[in-house]
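Could you walk me through how this protein is put together?

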Amino acid sequence: MPQLRFHGVTPARLAPVSRTLVDQLSEATETARDEFTLECISTQYVFDGQVVDAFPFVEVLWFERGQSVRDICAGAIHQAMREAGYPEAETFFLALRPCDYYIAGKPLARDGEGDRVGGDGISGESGESKVR
């Protein structure tokens, strides 16, 4: 976690910029590099009876980190997309709640508990980081 889902983007064009992108996101979110997932989703668009070129966009699923971190991450994603040849790509963030996120069948938090994100990830009842 975080997970970035790329639509209308080919893996061949994303791969060369992926290392720098993850480095920047890792620094901005204070999250280990290996906690990030980058996924290229095969996307086909249809309009007016025709198959048309896919419009590139990026979904970011993560635990909310605030406007300033979101702005830094959006800038890094925008730059990576431009370098990959997608100058007009859009990005949106979907905030997940720790109580809705399960690992091995157990929630990271209960409703109302541990919903804040620290610099090093999610803090649970013990204050110990559980996920990034």
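This is a predicted model: local features need pLDDT of at least 70, side-chain atom pairs count only at pLDDT 80 or more; totals for chains, interfaces and linings use all residues.

Strands in a sheet pair through backbone hydrogen bonds, in either a parallel or an antiparallel way. Here, four strands make an open sheet with mixed pairing, and they run in the order S2-S1-S5-S6. Strand S2 (37-41) and strand S6 (90-96) are the edge strands; each has a single partner strand, so one side of each has no neighbour in the sheet. From one strand to the next, the twist averages 20°.

Zoom in on one of the pairs. Strand S1, residues 3-7, pairs with S2 in the parallel sense over five bridges. If you want a landmark there, look for Phe6, which stands opposite Cys40 in S2.

Now for the helices. H1 packs on the sheet, where it touches S1, S2 and S5. The direction of H1 makes about 145° with that of S2. H2 packs on the sheet too, touching S1, S5 and S6, and its direction makes about 150° with that of S5.

How do H1 and H2 sit relative to each other? A pair of packed helices is described by the angle and the distance between their axes. For H1 and H2, the axes come within 9 Å and cross at roughly 175°. That crossing angle makes H1 roughly antiparallel to H2. On the H1 side, the contact uses Val17, Leu21, Gln24, Leu25, Ala28 and Thr29. Facing them from H2 are Val69, Ile72, Cys73, Ala76, Ile77, Ala80 and Glu83. By class, the residues of this contact come out as ten nonpolar, two polar and one charged.

The structure holds one cavity of 30 Å³ or more, and the largest cavity has a volume of about 40 Å³. Its lining is made up of Pro2, Leu4, Leu25, Thr29, Phe36, Val60, Trp62, Cys73 and Ile77. Helix H1 (11-29), strand S5 (57-63) and helix H2 (67-83) are the elements that each give two or more residues to that lining. Sorted by class, the lining has eight nonpolar residues, one polar and no charged ones.

Most residues other than glycine have a negative phi, and most peptide bonds are trans. Then go to the loop between H1 and S2, where you'll find Glu30. Glu30 isn't a glycine, yet it has a positive phi of about 55°.

Note on methods: Residues are numbered from 1 along each chain as its sequence is written. Side-chain values use heavy atoms; hydrogens and water are left out. On a 1 Å grid over the protein atoms alone, a cavity is a set of points where a 1.4 Å probe fits but cannot get out, and a pocket is an open set with protein on both sides within 12 Å along at least five of seven lines; lining residues have an atom within 4 Å of a point. Grid points are joined across faces, edges and corners, and a volume is the space filled by probe spheres set on the points. Ala, Val, Leu, Ile, Met, Phe, Trp, Tyr, Cys and Pro count as nonpolar, Asp, Glu, Lys and Arg as charged, and the others, Gly among them, as polar. Axes are lines fitted to C-alpha atoms, for helices over the stretch in contact, and angles run from 0 to 180 degrees between N-to-C directions. Angles under 35 degrees count as roughly parallel, over 145 as roughly antiparallel, 65 to 115 as roughly perpendicular and the rest as oblique. Contact means heavy atoms within 4.5 Å. Two strands pair if DSSP finds at least two bridges between them.
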